[in-house]
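Student: Could you take me through this model and set each term against its definition?

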Amino acid sequence: MQKSLLVWQLIHKSLQEAVPVMLLYVLESKGSSPGRQGFLMAVNATGEMKGSIGGGIMEHKLVELGKEQLKNIQQGTRNSEQGMIRHQVHDKSVDTNQSGMICSGEQTILLYPAAAKDISTIQNIIRSLEQYKNGTLVLSPGSIVFDEMIPSKDFDYTYQSEENWLYKEKTGYKNQLFIIGGGHCALALSRLMREMDFYIALYEDRDGLNTVEQNEFAHEIIIVDDYTALSYHIASGRNQFVVIMTFGYRTDDIALRSLLDKTFSYIGVLGSKKKMEKLFTAYRSDGIAEEVLQRIHTPIGLDISSQTPEEIAVSIAAEIIKVKNRPA
């Protein structure tokens, strides 16, 4: 999300300074294309750039095309109101639309010359991103629209022709990570996941904990009287990820029990195999369904023989990303 914010800020700055600027946006991606749907970048007439649409020779070619189009607009040889769509195929054996890359897959990129009429819309986008809010970005031929309404889908793209297409995207953070417990592993995980575009909320029941005070990476830090309060704080959701790593067995148990009736994309508990076997035995005795227990990731993280808080954070992050990116 921070990368997107930098792109919109460059576009706004360029327009304010009357410097022609081009928005490049990945409207659709298929296969192993390096530029995923929603990737964006900006390049202005002075050569300033922010963001990425996938890198490599393809990005270089489209950036140069964007610069050329800005020059044409300045010279009055192209309509500044309209953008253009470029379909790129990452396969050198195809006859048309070769991107120059061989990684397979395809992506469709919009090149849109932002204009003075877009300034207020871009200001609203920036304001929403800075406040960590969600909204709806709508792109269509010659138009950028922003609405504070939150869409039900992260992305929606329909294409009839270059003059008739529509792209919608949920702006802001699309995934939320709830870290329960604020110790050293939580600090390391917050630092790592902040860079992966997750909105991070951290919950701790100990006030004044030094690792919580050092945590400048979580977007929210909530001190609760008791972890039973999590049932009110955290809702079910398909883009919700939960990691429980509290001080000990008792608090892990309280936190986990408070969330067992909810459904998340991911829920995991940090703890030894012996501790978790004891916990699950108690849950089975209490009549908790096996299918509920099977949703809990434990031992948490990918098995990389991690030992330090930083290594543990890497293993957990890798498992979360694996779950997030698996086919629906």
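Student: What makes strand S10 (175-180) and S13 contributors to the lining of the second largest pocket?

Tutor: Each of the two strands supplies at least two residues of that lining. Lining residues are those with an atom within 4 Å of a pocket point, a pocket being an open set of points on a 1 Å grid over the protein atoms alone, where a 1.4 Å probe fits, with protein on both sides within 12 Å along at least five of seven lines. Strands (E, at least two residues) and helices (H or I, at least four) are DSSP runs numbered from the N terminus. The model is predicted: local features need pLDDT of at least 70 and side-chain atom pairs count only at pLDDT 80 or more, while totals for chains, interfaces and linings use all residues. Residues are numbered from 1 along each chain as its sequence is written, and side-chain values use heavy atoms, with hydrogens and water left out.

Student: Which element gives the largest share of that lining, and what is the volume of the second largest pocket?

Tutor: S13 gives the largest share, four residues. The volume is about 230 Å³, counted as the space filled by probe spheres set on grid points joined across faces, edges and corners. Of the 14 lining residues, those nearest the centre include Lys-170, Tyr-173 and Gln-240.

Student: How is the lining of the largest pocket divided by class?

Tutor: That lining has 17 nonpolar, 13 polar and 12 charged residues. Ala, Val, Leu, Ile, Met, Phe, Trp, Tyr, Cys and Pro count as nonpolar, Asp, Glu, Lys and Arg as charged, and the others, Gly among them, as polar. The volume of the largest pocket is about 1700 Å³; Gln-37, Phe-155 and Lys-324 are among the residues closest to its centre. Helix H1 (2-16) and helix H3 (119-130) are among the elements that each supply at least two residues of its lining.

Student: How do you know how H1 and H3 are arranged, and at what angle do their axes cross?

Tutor: Two packed helices are described by the angle between their axes and the distance between the axes. The axes of H1 and H3 come within 10 Å and cross at roughly 145 degrees; axes are lines fitted to C-alpha atoms, for helices over the stretch in contact, and angles run from 0 to 180 degrees between N-to-C directions. Contact means heavy atoms within 4.5 Å; Trp-8 of H1 and Ile-122 of H3 are among the residues that make it. By class, the contact has nine nonpolar, five polar and one charged residue.

Student: Why are strand S3 (49-51) and strand S4 (84-89) called edge strands?

Tutor: Each pairs on one side only, in an open antiparallel sheet ordered S3-S2-S1-S5-S4. Two strands pair if DSSP finds at least two bridges between them. S4 and strand S5 (residues 106-114) are joined by six bridges, so they meet that condition.

Student: What sets Pro-299 and Asp-197 apart?

Tutor: Most residues other than glycine have a negative phi, and most peptide bonds are trans. The bond from Thr-298 to Pro-299 is cis, with omega near -5 degrees. Phi of Asp-197 is near 70 degrees, a positive value; Asp-197 lies in the loop between helix H4 (184-194) and strand S11 (198-204).
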